[in-house]
Amino acid sequence: SDIIYVLGVDYNKRLFPGTNREENIFYQNNYTTFLNSNGEAEWGRTGLGLRAGLEFNLSKNDFVNLSARYGTREGNQNSTSLFSNWTDTSNIISQYRSLSNRLRDGEYGGANLSYIHKFRKKGHEIKTEFNFRYNDGNEETLTESLVGQTRFEGKRTTEFGPSKDFETKIDYTLPFGDNTKFEAGYENEIEFSDEINELFEFNTVTGQYDFQSLFSNSTKYHNNDHAVYSTYTDQFGDFGIQAGLRSEYTYRTIELVKDNNEFKIDRVDFFPTLHSSYQFSKGTQIMASYTRRIQRPRGWELEPFLTWMDANNVRIGNPALLPEFIDSYETGIQTYVGEISFSAEMYHRVTNNKIERIRSLYAENITLNSVENIGKDYSTGSEFMVIFDPVDFWNVNFMANVYNYKITGVLYNQEFSRENFNWNTRLNNMFKLGQNTQLQFNINYNSPGISSQGEWKGFFTTDLSVKQDLFERMISITLQARDLFGTAKHEFTSVGQDFYKYNYFERESPVVMLNIRFNINNYKSQRDRGDNENQNDAMEEF
């Protein structure tokens, strides 16, 4: 049998400079503190990755794919800000500079093995897949405050530790006819991570950074998810239906080694789905569906200890966080008006156990950033999409989404309810300027929005890109200019019982990016050679 080999190398370097401005008001017991800042920041990432794979068939019905990936990456975030600090009881304004540098580097890798067996009947198959991923990185943040050239405060935080992820999937498909089939599967994901966080504070007497054991922790994280699922699809004349059920078992432990304290979640959840459609004529159909999904907390949101981000911000996660459950009800229509494709959809979505990052006053001039299940949110609206070609070489894709958003719950033992009307649009224009040349011009707008504590202003962006294929697509060159007119200005206001925060951020624009891709071996996967094959990306992004 033929064996197909794949080898790839990718390298990227991205830098994004920008400016920011903050206004903070902290309400103390007997006085009010004001802390304003403005400055410049630059963040970026450099990465080098290697990937390799091979694909072969054991027989005409048995296919094997093996791939692996390894890479290194380094991310930097640097900022310099000028701070002004005063209180309502004093006319004295203190000013100082703050320098911050965050470095995150490390290596990652993984391997994937998949096997497909096809039975005699068309569409009857079983697929198994095994994935392994690992990540080993270090992070260090250094923040220093200076008056002139004299350093009077500083914090250095470090975070390091490996993580591993094992995933197993089995999918089975049994067709009963052209439009009727049964699907079932099993999925298991196991995650391990060991993390050490340390804090060092600047000692003005010795000029050294002293280790702070109170804010230093060692954490072991273990998560084990099992899921079984099945779906039945059938067609009765012009009426189609698909019904499914997924059951998930979650076992999660987070252990604070130093305190000998463990947080555990042990639960089973169910996720039904129902999709239906009715075809009036060729190209015109109406659809209705109900789905239930899950969104689990990730990253620092689960860390049960305080971590200093800089001199004015500290964060703490919440290991008791429950996952979000999203119930979605949708109905819509798809049709053609001449050569114009049109679709419209109405939806109502409810998020239970809504997770939000919230702020409060930790100490004088210091904001505590935490995360909570604050309640529910509701989105009710419509989405429209139109696709057409004004001329042969010009394709237009227009989308608009308008909806009412409401969030309710309990925050700091007080009930709240907030509501806002939102809308966003996207206009994509694709021009074919020849057999191997494409130009794309996109416009996006996002309206103002709200959260449990704050609101953000609306903004729009424009992007332009040109793609050129050379030597029968062996080389593809893409030149992009993002935020072409510098309109992506981000403004956010957050208000609580004991604080007010306004943040303005503007990235230097336009951002110009050049991408060059070499396609050494353009091949069509053996699994795709049949009429009923399912496409699988041999080079999964780890």
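Strands are DSSP runs of E, at least two residues long, numbered from the N terminus. Select β5, residues 125-147, and find Arg133 in this strand. The model is predicted: local features need pLDDT of at least 70, side-chain atom pairs count only at pLDDT 80 or more, and totals for chains, interfaces and linings use all residues. Residues are numbered from 1 along each chain as its sequence is written, and side-chain values use heavy atoms, with hydrogens and water left out.

Stay on Arg133. Is Arg133 buried or exposed? Arg133 counts as buried because its relative accessibility is 18%; buried means under 20% relative accessible area, exposed over 50%, partly exposed in between (1.4 Å probe, protein chains only).

Next, select the largest nonpolar core. This core has 9 residues, including Tyr347, Ile374 and Ile450. A nonpolar core is a set of buried Ala, Val, Leu, Ile, Met, Phe, Trp, Tyr and Cys residues joined through side-chain atoms within 4.5 Å. β16 (340-363) and β18 (394-411) each supply at least two of the core residues. The largest share, 4 residues, comes from β18.

Zoom in on Leu411. Beyond neighbours within four places in sequence, Leu411 is in contact (heavy atoms within 4.5 Å) with Ile358, Ile374, Phe416, Ser452 and Gln453.

Last stop: Phe342, in strand β16. Phe342 is partly exposed, at 30% relative accessible area.
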